Amino acid sequence: MSEEEDIILAELDDEELVQQMFDDLYDGLREEIEEGVNILLAREWTPYKVLTEALVSGMTIVGADFRDGILFVPEVLLSANAMKGGMAILKPLLAATGAPQVGKMVIGTVKGDIHDIGKNLVSMMMEGAGFDVVDLGINNPVENYIEALERENADILGMSALLTTTMPYMKVVIDTLIEQGKRDDYIILVGGAPLNEEFGKAIGADGYCRDAAVAVEMAKDFVARKHNRMSA
Ligand code: B1M
């Protein structure tokens, strides 16, 4: 039996367990990640704390080694799969802590881009905050967004892009909404690792969200302002 097989997750203290989860996420071990998440929840960690301190922090390490050419696509896919296993456990718990529905958001990753972990996280956190979320998945052309916004009578459009080559597509979506005279019908929030506030402003979005928590705060703020305007 190898040294690693000897590790019993439940016997580790919180700090050791989180470190072990970083390693397990790195190695793409979905079952271990799921077990770790359940142990932390049983120790009365909040779902949000498990998400940010164990999963998101672990994925940051994976991201750095992917950037530096230490990890490659197949390995990162395994890490992403393990992360999704943990997120699936947290999703209903985050939603259950939410307030009554405060607004509706259509969200999707833009055309040409298949990264969805960050978007999924935003969706989960928004649901947890009481928003109704319609997730369009990955690789969305402009038609998908507009069709869903109208069908769902949404308040917010959320777009995600993780590649410098796909982030300009967000402007295509916003420009199309402008051309069709629909831009002002929606609050448009954008996010993704290569974006920044300046980019968000330059493409005409209402807000750039550094992370999922900022997305929730901004969404609440904009929806409250919209309701105030309508009742004035
Ligand atoms: Co990709 N990848 N990848 N990848 N990948 C990056 C983005 C990269 C930065 C890695 C690197 O080189 N360091 C790099 C982009 C470089 C660039 O554009 N300059 C890159 C590359 C190059 C590629 C490929 C081209 C690699 C290849 O094939 N040679 C390829 C592209 C495929 C495509 O999309 N067409 C590719 C493929 C993949 C995998 C499939 C292996 C996998 C994706 C699996 C999946 O998503 N299901 C993958 C992964 C996992 C990554 C990294 C390692 C991690 C991304 C992630 O999930 N982060 C990433 C490196 C990095 O970002 N450091 C990388 C965790 C997540 C929680 O954070 O997505 O930033 P993030 O989301 C945050 C915020 O940004 C924000 O809130 C989230 C939560 O806090 N946010 C929003 C995100 N979207 C939002 C939307 C909102 C609001 C906030 O709307 C309201």
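Helices (H or I, at least four residues) and strands (E, at least two) are DSSP runs, numbered from the N terminus. The model shown is predicted, so local features need pLDDT of at least 70 and side-chain atom pairs count only at pLDDT 80 or more, while totals for chains, interfaces and linings use all residues. Residues are numbered from 1 along each chain as its sequence is written, and side-chain values use heavy atoms, with hydrogens and water left out.

**View 1. His 115 and the cobalt atom of the ligand.** Start in the loop between β1 (103-109) and α5 (117-128), which is where His 115 is found. Its NE2 atom is the only protein donor of the cobalt, at 2.1 Å. Donors here are N, O and S atoms within 2.8 Å of the metal (3.2 Å for Na, K and Ca); water is not among the atoms, so sites may look incomplete.

**View 2. An open sheet of 5 strands.** Read across the sheet and you get β2-β1-β3-β4-β5, with parallel pairing. β2 (131-135) and β5 (207-209) stand at the edges with a single partner strand each, so one side of each has no neighbour in the sheet. From one strand to the next, the twist averages 25°. Zoom in on β1 and β3 (residues 156-160): they pair in the parallel sense over 5 bridges, and Thr 109 stands opposite Ser 160 in β3. Two strands count as paired if DSSP finds at least two bridges between them.

**View 3. Helices lying across the strands.** Helix α6 (residues 142-152) lies across β1, β2 and β3, and runs at about 165° to β1. Helix α7 (residues 169-179) lies across β3 and β4 (187-191), at about 155° to β3. Axes are lines fitted to C-alpha atoms, for helices over the stretch in contact (heavy atoms within 4.5 Å); angles run from 0 to 180 degrees between N-to-C directions.

**View 4. Helix α2 and its packing partners.** The buried residues (under 20% relative accessible area, 1.4 Å probe, protein chains only) of α2 include Ile 33, Val 37 and Leu 40. They pack against α1 (14-26), α3 (47-67) and α4 (73-96). Just past α2, Glu 44 takes a positive phi of about 70°.

**View 5. Inside the largest nonpolar core.** A nonpolar core is a set of buried Ala, Val, Leu, Ile, Met, Phe, Trp, Tyr and Cys residues joined through side-chain atoms within 4.5 Å. Another core, of 26 residues, lies apart from it, with Tyr 145 and Met 167 among its members.

Definitions and conventions. Buried < 20%, exposed > 50% of the residue type's maximum accessible area, 1.4 Å probe, protein only.
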